[in-house]
Amino acid sequence: MALALPLQMLPAVAIAAPKKVTPADAAAKRTEAQTLGRDLASADPTAAGMHYDAKAAEWGDPVLFLDAADAYLDAAEKGSDIAMAEAGIERARIALDLLYFQLDATADKNFRMVETADIADLIARANIAIDRGEALMEEIAKAAEAATVATTDEGEDEKKKKKKKKRKPGNGRGLFIAGAVATAAGSGLAVMGVAGLAVGAVNQNRAEDPTVYGEEYDAVEAKGRRGNVIAGVGLGLGGALLVSGIVMLVIGKKRMNKAAPAQENVVMVAPSLNGVAISGRF
Amino acid sequence: MARRTRTQTLTIGLAVALGLGLGVVASEPAAAASRMACEDPSHLCVSGGGKFEPDVQTGPKDKKKRVEKAGSTLSLEVEGGRGSLFVNGRYAGTAPMSSISVPAGRNDVQVRDGSTVLAGGVLTVPKGASLSVTVKHP
């Protein structure tokens, strides 16, 4: 939302106002405007601000511009609206223009909105309104920034949740199958390792035989080493695969059991030619 | 030979076109800036037939000669800031303003931002003129 009432829309009729206006005349006119303004302010500060705006511009009344500033700042506070805070600050600045001008030598002596003695207090009030408006703008901007950050965080959390959802385990069937494969492969390798051990042991015995020597001894030693390598690889790798395969089988089975009740134990009753047919899956 | 000449002609043509294009592009912001900027020492520039005399005031004769309903209007813009306009000792509005009615003749004008007077003096407004006033905020 732009300024509550664009400055261009303010009626610029102060120069066409009565030839003589005293502070008392201005106060009487102001009281009428303030009565309605106060009623509006409790229900809708923006409407009150616009009302004060229009009335203030008729004669260029700094007090009503200050009232407009306060109303807009209330609206800004209520609705966390930076545009309203800007409008409030601008009205307070217009009031300052008017108040300082009244002290200027070129000001019309027959056209006084306020008593000269009151000008200092009104300038102080305008400055307070400007300070309040600036503080409000800062506050609203910070809150908006925090909200943006929170929204971004929420978005990231949702993305993470989605990722987590994607990673959600299935019914354990895949794990069970992988476990079975790993167990089978591990068993095979373990068997191969045991065979290797046997080959190693047999050749060890042969090598210890004193009648075996020379080329025959070298061949027996080579066979024995090969058997030992096979035993090491087979038992090591096979054992690891066997253990992990069994773990996978157990976990997979558990998951399948958890997932199973929804699919299993389904009893169906259907009409048949002879009466009722009951079928089920357990 | 003819092919080489044609290539040279094309190159020169492209260079001229590029130069003209760049010239137009470069001159556009400069023209806009000269249109907008008010470099007058009084900080007030007026267009549309009016005349501004800074730091002077009107006399009683000028006040008598003013014509209130002469159909003269004034628009105000403050460069680099804000300001309110006072005409003949009274508040006339806050910039930006467009086509507000002003008396024809010599008028006391002042544009100020709070306690700072941005420009002040006598603005002579012809009958039926539409003046455009630009004030430079210091």
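This is a predicted model: local features need pLDDT of at least 70, side-chain atom pairs count only at pLDDT 80 or more; totals for chains, interfaces and linings use all residues.
Figure 1. The largest cavity has a volume of about 120 Å³, while the second largest cavity holds about 40 Å³ of space. The next two views take these cavities in turn.

**Figure 2. A close-up of the largest cavity and its lining.** Welcome to the largest cavity, with its volume of about 120 Å³. Its lining is made up of 15 residues, and the closest to the cavity centre are Leu98(A), Phe101(A), Gln102(A), Phe111(A) and Met113(A). Two elements give two or more residues to this lining: α4 (82–102) of chain A and β5 (90–94) of chain B. Helix α4(A) supplies the largest share, three residues. By residue type, the lining of the largest cavity has nine nonpolar, three polar and three charged members.

**Figure 3. A close-up of the second largest cavity, in chain B residues.** At least two of the lining residues come from β3 (73–79) of chain B, and at least two from β7 (105–113) of chain B. In this lining eight residues are nonpolar, with no polar and no charged ones.

Figure 4. Over all chains, the structure holds three aromatic pairs. One of them brings together Phe101(A) and Phe86(B): the ring centres are 3.9 Å apart and the planes meet at 15 degrees, so the pair counts as stacked. Phe101(A) belongs to helix α4 of chain A and Phe86(B) to strand β4 (residues 84–87) of chain B, so this pair joins two chains. Both Phe101(A) and Phe86(B) are buried.

**Figure 5. The aromatic cluster around the stacked pair.** Here the stacked pair of Phe101(A) and Phe86(B) can be seen with its partners. Together with Phe65(A) and Tyr91(B), Phe101(A) and Phe86(B) form one aromatic cluster.

**Figure 6. Lysines over aromatic rings in chain A.** Two spots in chain A are worth a look here. At one, the charged end of Lys29(A) sits over the ring of Trp59(A), 5.0 Å from the ring centre. At the other, Lys253(A) lies over the face of Phe176(A), and the distance to the ring centre is 5.9 Å.

Note on methods. Residues are numbered from 1 along each chain as its sequence is written. Chains are lettered from A and ligands numbered from 1 in the order in which they are written. Side-chain values use heavy atoms; hydrogens and water are left out. On a 1 Å grid over the protein atoms alone, a cavity is a set of points where a 1.4 Å probe fits but cannot get out, and a pocket is an open set with protein on both sides within 12 Å along at least five of seven lines; lining residues have an atom within 4 Å of a point. Grid points are joined across faces, edges and corners, and a volume is the space filled by probe spheres set on the points. Helices (H or I, at least four residues) and strands (E, at least two) are DSSP runs, numbered from the N terminus. Ala, Val, Leu, Ile, Met, Phe, Trp, Tyr, Cys and Pro count as nonpolar, Asp, Glu, Lys and Arg as charged, and the others, Gly among them, as polar. Rings of Phe, Tyr and Trp (its six-membered ring) pair if their centres lie within 6.5 Å; planes under 30 degrees apart count as stacked, over 60 as edge-to-face and the rest as tilted. Buried means under 20% relative accessible area, exposed over 50%, partly exposed in between (1.4 Å probe, protein chains only). A charge sits over a ring if NZ of Lys or CZ of Arg is within 6 Å of the ring centre and within 35 degrees of the ring normal.
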